[in-house]
Amino acid sequence: MNKDILIVSALEAETRGELDGYRLIHTGVGKVNATIELTKVLQKAHLNYLPPMPKLVVNYGTAGSRKIKKKTLVDCTKFIQRDMDVTGLGFQRGETPFESELPVVLETQSPINPIGKNATCGTGDCFVEDKSQYYGEVVDMEAYALAKVCLQYDVPFISFKYITDGADDTAHDDWETNLADGIIEFKKLLPELCGIE
């Protein structure tokens with residue numbers, strides 16, 4: 001097992017047993033579950049429990065997009081909370097109120113990025129099926145939270161999302177139809193990702 005990278009996915013259905021032998025956690029769906037599960041792992045590593053702190057956290061999952069065609073694997077290195085809306089108090093959409101240290105859009109670094117698109121992922125606790133919930137090139141339910149935890153622990157982070165649907169009124173059907181295909185594309189990146197120094 002390569003302990004230098006930690007792969008994080010929301011659901012076992014997304015990885016389908018294809019990542020046995022890799023350091024992998026499933027967090028469950030949504031920002032709260034993602035935050036809790038990744039924080040537990042990184043905090044144990046921070047306190048020098050085994051396994052050690054990863055050199056890279058890699059999020060793999062499925063996502064929707066109105067800008068990137070379905071059945072495409074894309075890398076995300078910019079993240080925003082699409083459901084954080086305190087515009088009524090004068091804050092920008094996506095801005096967490098009274099949090100001055102972090103920008104609205106989190107940008108992360110990875111020592112290796114085989115795709116190099118550096119897409120923006122809008123994360124929120126809803127499955128996107130209409131334009132009102134859409135924000136960013138890609139929409140998901142966990143990546144912003146994972147990126148923020150990694151920034152707090154100073155661990156490089158990158159997210160790879162397989163576009164299953166168009167974030168529209170057929171998204172639920174398309175997600176179920178295309179869910180299984182993404183892990184095959186993601187596995188093609190693993191030899192290069194596992195070669196980090």
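Colleague: What makes the contact between Asp-83 and Lys-31 a salt bridge?

Modeller: In this predicted model, the side chains of Asp-83 and Lys-31 meet with 2.8 Å from N to O. The cut-off is 4 Å between a Lys or Arg side-chain nitrogen and a carboxyl oxygen of Asp or Glu, so the pair qualifies. The two residues are 52 apart, with Asp-83 in the loop between β4 and β5 and Lys-31 in helix α2.

Colleague: Is Lys-31 called buried or exposed, and why?

Modeller: Buried, because its relative accessible area is 12% and the limit for that label is under 20%. Asp-83, at 35%, falls between 20% and 50%, so it counts as partly exposed.

Colleague: How do you know that Asp-4 and Lys-55 belong on the list too?

Modeller: Their N to O distance is 4.0 Å, and the criterion reads within 4 Å, so the pair is counted.

Colleague: What about Lys-40 and Glu-37, where do they lie?

Modeller: Both are in helix α2, 3 residues apart, about one turn of the helix. An α-helix has 3.6 residues a turn, so residues three or four places apart point the same way. The closest N and O atoms of Lys-40 and Glu-37 are 3.3 Å apart, which is within 4 Å, so this too is a salt bridge. In the whole structure, the search finds 9 salt bridges.

Colleague: Why is strand β3 described as largely enclosed?

Modeller: Because 9 of its 9 residues are buried. Both faces are covered: one side includes Val-58 and Tyr-60, and the other includes Asn-59 and Gly-61.

Colleague: Which strands pair with β3, and in what sense?

Modeller: β1 pairs with β3 in the parallel sense over 4 bridges, with Ile-7 partnered by Val-58. Strand β8 also runs parallel to β3, joined by 8 bridges, and there Gly-61 stands opposite Lys-161. Pairing needs at least two bridges, so both cases meet the definition.

Colleague: And what makes helix α3 largely enclosed?

Modeller: 8 of its 11 residues are buried, so the rest of the structure largely encloses it. Among them are Tyr-144, Lys-148 and Cys-150. After α3 comes Asp-154, with a positive phi near 55°.

Terms used. Residues numbered from 1 in each chain as written. Predicted model: local features only at pLDDT ≥ 70, side-chain atom pairs only at ≥ 80, totals over all residues. Heavy atoms only, no water. Buried < 20%, exposed > 50% of the residue type's maximum accessible area, 1.4 Å probe, protein only.
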